[in-house]
Amino acid sequence: MQQLNPRFHSMLHRIPFSPLPSFLRKSLSMKTRQRLDYRNKLILAPMVRVGTLPMRLLALEMGADIVYTEELVDLKLIKSIRRPNPALGTVDFVDPSDGTIVFRTCAQETSRLVLQMGTSDAGRALAVGKLLQRDIAGLDINMGCPKEFSIKGGMGAALLSDPDKAALILRTLCSGLDIPVTCKIRILPDVAGTIGLVQKLAATGIAAIGIHARTRDERPQHPAHPEVLRAVAQAVDIPIIANGGSRSMHCHEDLRKFQVECGAASVMVARAAQLNVSIFRPEGLLPMDELIEKYLRLCVDYDNAPHNAKYCVQSILKELQETPRGKRFLQCQTLQQICEIWHLGDYCRRKQRELKTLGNSGRAEVEPPEAQAKRQKLEQAANAIEDEYAGVICRNMPFLRSTYPSDNHLPKTQLYVYSGKAGKSPPAYETQQCDKLFRSICSYDGQRFSSSFWEKNKKQAEQGAALVALLHLGQLEAEVLRDNGSLLN
């Protein structure tokens, strides 16, 4: 091998190293990342309130190859703030107005995750795509949802009536993003029209197209039309992903049967997976309780919203919601309460303490930006401005409606009855609103009480303030409140 001239070698050492700019490193990283392949795949379909992180991870564990998020609207995403969450090991997109998690993902799913977006504007869709593309493997545009809220916004199935706009959105995304772009549609009333539409959309450069084998006006009780998908698959070169066969899907083998029947490259499963996501499992369906326990552990691990966890478990339970255990479950309001029913109460408590120690900031710590700014201003000018919460007895106590068997047991009712028996004036409430959240101060017998937990409405905020008053007055036991999730510190 030819040796470098020693003088030239010494000159190289004196040349300062200049690293690539961060934007160029990110671009190169995106381009070298393995591109998602949509052929011969079993796919979890986009489903509202179902396709959140715990269910997506469970679907992958059960055998799904690709998982879609629920439909997320571009206007919601573009306002969100991207925030890594080291405690959970996730990346969160957060609504700054109320702390709601718009979208949460993690490294375990990144290479197999497709985000479905609702949009009616090419420029806005591209801006959102650029915001998201480092955290997902593909972007899908919803062009098939027949629900009123989508159609009124010019999204979903409304785009089937405006093929030029649909094509513009897809072309803009394909040329502006580094990840594959797809769309999901429904068939049109005639085969030729469906083929023409798919050919027009395929020409934009999309990587695949998902097709629900029913028209915009048909519903799950109507039979699917696999023969239309077969005709479409023969007319285009891109992968066709067959959707709409859940009525005939009862086990893993049925997924591939529907794919073959449609002549499709892949199959996408919605309702059948919502009822039992272990349908992706080649070894067979898991027992219901084992499946629910797996799902709830993931909900705890990733701090999933209780109302979302409850909705998904309801789908799994089906008619068993009417059993005594099911009725007890329906009364649950917190993740802790749900976990208790499936003997995961200790796991939930332990994990939540661990996550809090690691710095996870859940709903209990949510504070709207307006309130943050107000608090900071008060702190900076403490000597000049009277803090409206000075002298207020505060505890972090959310109001959980499910813990009270009737209206007569509600905190405000209890405090009102207590004041009457004590011969005192009834309590009074003053409530402040910041963005979409509420906090109330309860004035009673010369003292003021408030919960530092920001509630979603005025009535709940007043109940929280009354709860603090009852605890301070010795009418409630702290240990009981901690156990049912009403006392957080």
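Student: What's the relative accessible area of R49?
Tutor: R49 has 45%, which makes it partly exposed. Buried means under 20%, exposed over 50%, partly exposed in between (1.4 Å probe, protein chains only). This is a predicted model, where local features need pLDDT of at least 70, side-chain atom pairs count only at pLDDT 80 or more, and totals for chains, interfaces and linings use all residues. Residues are numbered from 1 along each chain as its sequence is written, and side-chain values use heavy atoms, leaving out hydrogens and water.

Student: Where does R49 sit?
Tutor: Find the loop between β1 (42-44) and α3; R49 is in there. Helices (H or I, at least four residues) and strands (E, at least two) are DSSP runs, numbered from the N terminus.

Student: New topic. How many helices and strands does the chain have?
Tutor: The protein chain has 20 helices and 16 strands.

Student: And what share of the residues is buried?
Tutor: Of the 489 residues in the protein chain, 49% are buried.

Student: What about contacts across the sequence?
Tutor: Take contacts (heavy atoms within 4.5 Å) between residues at least 6 apart in sequence. In the protein chain, 67% of these join residues at least 24 apart.

Student: Show me a sheet. What is the strand order in the one with β5?
Tutor: The order is β4-β5-β6, an open sheet of 3 strands with antiparallel pairing. Two strands pair if DSSP finds at least two bridges between them.

Student: Which strands are at the edges?
Tutor: β4 (81-85) and β6 (101-106); each pairs on one side only.

Student: How many bridges join β4 and β5?
Tutor: There are 5 bridges, with β4 antiparallel to β5 (residues 90-94).

Student: Which helix lies across β5 and β6?
Tutor: That is α3 (residues 53-62), running at about 30° to β6. The loop that holds R49 lies between β1 and this helix, α3.

Technical notes
Axes fitted to C-alpha atoms, helices over the stretch in contact; angles between N-to-C directions.
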